[in-house]
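Let us walk through a protein fold step by step. Keep the picture open as you read.

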Amino acid sequence: MALKRQFPTLDTFSMSSMTDVIFLLLIFFMVTSTLIHPAAIDVNLPQSGEQSNSKPTTEVYVDSVCSIYLVEDRNDSTGVLSIPHQISKEQLTERLTAIQAQDSLRPVALYADERVPYGKVVDILDMAARSKLRMVLATKSRSVPAE
């Protein structure tokens, strides 16, 4: 007994469902990209002519009123360690020591406002050196005048 098909088979492929999926992915990535927490600390960096290509994952911020903030892991997928949180000088020493125990080669970036006293910056650099960590002093690029 031969069964007959009620509808003929189409040889074409409809792209409308794939287009819907692409638009949904686009909307998803646009919405999730706004959830990234940028550094909310207002730090006016000093200018420098030389820039480093390394991107440290651990960041220490010192704002204009000498408050210290720490971002332990900028690449943390959970987002908990990538949010700047205010800490004391003693807590910073403890955290830098713990970071060195995890990864002794991890560089730490120091974002210090240009109005922070030089001694405060040197204190934080010294804390990192005592913890045997490499610390990079972050600056903004100096605009080169047109010749």
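This is a predicted model: local features need pLDDT of at least 70, side-chain atom pairs count only at pLDDT 80 or more; totals for chains, interfaces and linings use all residues.

Residues are numbered from 1 along each chain as its sequence is written, and side-chain values use heavy atoms, with hydrogens and water left out.

Start with the sheet. Strands (E, at least two residues) and helices (H or I, at least four) are DSSP runs, numbered from the N terminus. Two strands pair if DSSP finds at least two bridges between them. Look at S3 and S4: they run antiparallel and are joined by 3 bridges. Leu70 has His85 in S4 as its bridge partner.

Now find helix H2, residues 89-102. Its 14 residues reach 20 Å from the first C-alpha to the last, close to the 20 Å expected at 1.5 Å a residue. That expected span is 1.5 Å times one less than the number of residues.

Which residues of H2 are buried? They are Leu92, Leu96 and Ile99. They sit on the same side of H2 because they cover an arc of only 60° around the axis. The arc is that of the directions from the helix axis to the C-beta atoms. Buried means under 20% relative accessible area, exposed over 50% (1.4 Å probe, protein chains only). The face turned away from the buried side carries the exposed residues Glu90, Glu94 and Ala101. The cover over the buried residues of H2 includes S2, S3, S4, S5 and H3.

Next comes the core. A nonpolar core is a set of buried Ala, Val, Leu, Ile, Met, Phe, Trp, Tyr and Cys residues joined through side-chain atoms within 4.5 Å. The largest one has 18 residues, and Val60, Leu92, Leu110 and Ile124 touch the most other members. H3 gives the most to this core, with 4 residues.

End at Ser131, in the loop between helix H3 (118-130) and strand S6 (134-137). Ser131 is buried, with a relative accessible area of 8%. Beyond residues up to four places away in sequence, Ser131 touches Thr93, Leu96, Thr97 and Gln100. Contact means heavy atoms within 4.5 Å.
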